[in-house]
Amino acid sequence: ISGNIVLSTGGMKLYDSLGYLVENGDSLQPNKAYMHNNPPDGGNTQGSIILPTGKPFIYYVFIPTVSDSLYNLLWTNPNGTKAPFDLLRYNVVNMNLNSGNGKVVEKSKVLLKDIELNKVGMQACRHANGKDWWLLKHALDTNTIYKFLVTEDSIKGPFIQTFAQPLWGEFDLYGQSAFSSDGKKYGVVLGKVSKLFLADFDRCSGLLSNPKVYNIPVDSTTNPYWDSLGVRDTATNGIAFSANNQYVYISKRYNIYQLELNQPDSNLAWYRVKHGYDTSWLAFEYYGQMYRAPNNRIYIGKVGGSFKQFSVIDNPDNKGAACNFCRKCFRIDTADGGLTSPPNMPDYELGPDTSKPCWPLAVDDVVRKNGEVKIYPNPANSTIIVEYTCSSKGWFELRNGLGQILLSTELGEGKRKVQLQVNGISPGIYYYRCSFEGCATEMGKLSIVE
């Protein structure tokens, strides 16, 4: 990865490294959404994302949007109570074509349809193999997350997880989702709900687990008019993890906070990094989405884009005031019209997770260790037999190719023949693991037939 720009998009058009329109890279959204602003612009953060496929100079471009039919039904209806997106689409770009300037070779392919989606809340993380990608997209209102496994040749999914809390409401113009620097934690903030959702993320299976919900502090705005009316700062805009994964940073319109993840006392865990404006009252454009850059600084975007500066957290790995909030310390004089939010980029440099084997995706053949365990018949159609002799208790798991558990059961100690039912599982190739501590382990493929 050179760090040079190859492609860029705001969700409406696709541009090459020199800022020229990629062939067939116009009108990446349905007509009504495309013409919503003139000239067409993205308008929403986390409104697009570009992922390399694994093949040289071939890229996916993912864009959530609204269909023309829903646009006519809700967006132009003065009595409409909400206006969600209802499409997630992707494009395939081949930068080898058109003399190296690229061409969109597959356009507006549908991944999700007729599902109420947030306008924000889309991010990606490298699979544990260091090659593929997990793409996560949030639904509107509920805490439902649609996940896709993006590989060199295909996109699998959606794989859906829903959590009871928090319920985000319909205010979906602001918010953000983010992964920790190691890809093992996932966080979300959305809309006018002062909640932070955090969960562990399994880069092998794509599963979210151990969910936690934190109450984000609610402080005054420091705006004399709003404070005189008793208005509180509730619109939550951004989230970013520190590089050492010990802290999470949250931006609201008027306030920026730091959360120490390993501090159990909530009174001590939260620190207010900044309260109020980072410039004059008239020039302040609210704090927006956040982004941890490759230099490990956190750049703080804005809701407005009239000026050419971002504020920055220079040392986000440090607790409290030592994180060093630096007001308006990043400037781009060549910015056309000003800066709004940092780019919605995943960590392209995140490598494979070598801390544990990514089972079962790495299993090719039967592996036996320290004893004998027999799994038969193979192929099977209704039942399988697990035969073993071990003086310790064990465990049997059957998973699909994404690592999701289809069957899991404890095995008692001693000489046993255990019969397990598999007749409710669709025909296909699956992966099993049978292990007994200090005695035996067997991993392999199991074929289930009709």
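Modeller: Let us begin with burial: a residue is called buried under 20% relative accessible area, exposed over 50% and partly exposed in between, with a 1.4 Å probe and protein chains only. Strands (E, at least two residues) are DSSP runs, numbered from the N terminus. This is a predicted model, in which local features need pLDDT of at least 70, side-chain atom pairs count only at pLDDT 80 or more, and totals for chains, interfaces and linings use all residues. Residues are numbered from 1 along each chain as its sequence is written, and side-chain values use heavy atoms, with hydrogens and water left out.

Biologist: How many residues of strand E4 are buried?

Modeller: Strand E4, residues 58-65, is mostly covered, with eight of its eight residues buried.

Biologist: Which way do the side chains of a strand point?

Modeller: In a regular strand they alternate between the two faces of the sheet. In E4, Ile 58, Tyr 60, Phe 62 and Pro 64 point one way, while Tyr 59, Val 61, Ile 63 and Thr 65 point the other way.

Biologist: Which strands are joined to E4 by bridges?

Modeller: In general, strands of a sheet pair through backbone hydrogen bonds, either parallel or antiparallel. Two strands count as paired here if DSSP finds at least two bridges between them. Strand E3 (residues 49-52) is joined to E4 by four bridges and runs antiparallel to it, with Ile 50 opposite Val 61. Strand E5 (residues 85-94) also runs antiparallel to E4, through eight bridges, and there Tyr 60 stands opposite Val 92.
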